Structures are given as structure tokens and as C-alpha cells.
Amino acid sequence: MTARLPVFPLATVLFPGLVLPLHIFEERYRALVRHLVELPEGTPREFGVVAIRSGWEVAPAPGRTVPGTGEVTLHEVGCTAQLRQVTELADGGFDIVTVGRRRFRVLEVDHHAAPYLTAEVRWLPEPEGPDETASQLAARVIAVFRHYLGLIRDESGQLTEQLPEDATVLSHLVAATAALTVADRQRLLEIDDTAARLRAELHLLNREAALLRQVRAVPVPLAELATAPPTPN
């Protein structure tokens with residue numbers, strides 16, 4: 001099944017169920033928010049968030065060239081953001097709160113139909129019903145994720161996070177909250193199968209934990225970090 005969506009390119013990856021607050025200041029995206037707010041009651045107020053492959057999400061001012069800008073190219077898989085809260089600002093901008101809803105694959109991008117990008121998309125499948133393999137993997141991911149959190153925080157602190165029991169929800173939460181690159185997160189978003197996503201996360205979390213342990217094993221004195229580089233003669 002296909003649909004046409006407004007698209008918001010961002011330098012981040014949104015996952016279903018995760019909260020994404022945004023400050024809207026560009027006129028084209030102000031127009032997008034006004035369009036969504038004006039939709040009839042009961043109509044889904046959502047737009048597609050797609051991570052940028054190259055380019056820049058902020059258009060340069062007229063007559064000004066910004067290095068690295070140009071036509072934005074997007075990754076193929078994104079997630080819709082459902083509008084939950086809108087605060088209009090004195091300057092005409094908006095602060096909005098959105099929640100990720102459903103994944104999609106971009107089929108075709110239209111740069112000219114509206115002030116903002118629109119795209120024809122195909123909805124991606126989500127798992128339905130219990131999956132014993134995913135449930136077993138979820139238990140392992142929770143254990144490794146808690147160990148990982150202990151490494152990036154004060155070891156004397158107690159971990160009190162209530163992690164979700166649902167394997168798919170857990171897979172999205174871990175992907176969104178671990179300190180991963182946009183490329184890593186994008187690869188996780190593109191995986192259709194929950195068990196496969198959890199396996200990938202086990203690999204990534206073990207990789208990150210090993211790096212953190214290695215960094216802690218070779219402490220650098222603060223005085224050395226503060227030393228200025230030698231002045232060339």
C-alpha cells in the first residue's frame with residue numbers, strides 16, 4: 001500500500017514510539033505545520049522524517065552559499081512523526097512535539113509540489129503476534145544494554161530504567177537511545193524483522209561496550225589534556 005506524505009529531512013533517525021521535539025523556524029516547514037494543524041479532526045496529522053544521506057536540511061539564505069548544502073539526498077527508509085503538541089511562537093515559528101508512528105520506504109520524492117518536500121511512500125511491515133526467538137533475544141539485549149548504560153554513567157549510580165518487555169518496542173528504544181552513529185541507526189531502522197534487529201543491536205552494544213572499556217583502561221591525565229600544542233618556530 002502506498003501513500004503521499006510531506007517529508008522533513010533531518011540529520012537524525014526517528015523510530016516508532018519514540019518522542020521527537022522540533023523547533024520549526026524555516027518558512028517552508030512553518031507552512032507544513034500550519035497544513036497539519038488545519039487538517040479536519042480525525043485526520044492523521046503526520047509527516048515523514050527521513051535521515052539525510054547528503055546535503056543540509058536548512059536552506060541557505062537567498063544569495064548565500066553554504067558549504068555542504070545543495071539538493072538534499074535522502075535515505076530510502078524513514079518513519080512518520082505524528083504531531084502531538086504545537087506551540088506557536090511570537091516570531092511565527094513553532095515548537096512541536098511528535099511521536100514516531102510507522103516505518104516507510106521512499107519510492108519517489110517531489111521537490112516542487114509544495115513549499116516542502118513530499119514523497120510517495122510504501123508502508124513497511126511490522127511484526128504481529130508473539131515471536132519466541134525475538135523474546136529470547138530481547139532478554140539478552142536488556143542485559144547487555146544495562147551493562148552498557150553502567151559503562152557510560154557513574155558506576156556508583158543504580159540503574160532504574162524500566163525497559164519495555166515487548167521485543168519490537170525494546171528494539172526501537174535501544175536503537176534510538178544508544179550512542180550510535182546515524183548510519184548505524186539507519187541500518188537498524190531498515191531491518192524489518194525484530195529478531196534480526198535485536199541481533200544487530202547485540203553486536204553494536206558489545207562493540208560499544210568494548211570500546212568504552214578500552215578507553216577506561218588507558219586513562220589520560222587531565223593536565224595532559226589541558227596542555228597547549230607546541231608553538232612552531
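## How two helices cross

A crossing of two helices is called left-handed if the near helix is turned anticlockwise from the far one by less than a right angle, and right-handed if it is turned clockwise. In this predicted model, helix 2 passes helix 3 in a left-handed crossing. The axes of helix 2, which covers residues 132–152, and helix 3, which covers residues 167–177, come within 9 Å and cross at roughly 30°.

On the side of helix 2, the residues that take part in the contact are Ala 134, Ser 135, Ala 138, Val 141, Ile 142 and Phe 145, and they meet Ala 167, Leu 170, Val 174 and Thr 177 in helix 3. Sorted by class, this contact has 8 nonpolar and 2 polar residues, with no charged residues.

## Thr 194 in helix 5

Thr 194 lies in helix 5, which is made up of residues 194–217. Is Thr 194 buried or exposed? Thr 194 is buried, because its relative accessible area is 3%, and buried means under 20%.

Leaving aside residues up to four places away in sequence, Thr 194 touches Pro 127, Ala 134, Ala 167, Thr 168 and Ser 171. Among these partners, Ala 134 and Ala 167 also belong to the contact of helix 2 with helix 3.

## Confidence in the model

The chain averages a pLDDT of 85, and 82% of the residues score at least 70. Over residues 60–69, however, the pLDDT is below 50, and this stretch has 5 contacts in the model beyond near neighbours in sequence. Over residues 218–229 the pLDDT is also below 50, and that stretch has 1 contact beyond near neighbours in sequence. Where pLDDT is low, the predicted coordinates should not be read in detail.

Key: Residues are numbered from 1 along each chain as its sequence is written. This is a predicted model: local features need pLDDT of at least 70, side-chain atom pairs count only at pLDDT 80 or more; totals for chains, interfaces and linings use all residues. Side-chain values use heavy atoms; hydrogens and water are left out. Helices (H or I, at least four residues) and strands (E, at least two) are DSSP runs, numbered from the N terminus. Buried means under 20% relative accessible area, exposed over 50%, partly exposed in between (1.4 Å probe, protein chains only). Contact means heavy atoms within 4.5 Å. Axes are lines fitted to C-alpha atoms, for helices over the stretch in contact, and angles run from 0 to 180 degrees between N-to-C directions. Ala, Val, Leu, Ile, Met, Phe, Trp, Tyr, Cys and Pro count as nonpolar, Asp, Glu, Lys and Arg as charged, and the others, Gly among them, as polar. pLDDT is the predictor's confidence in each residue, from 0 to 100.
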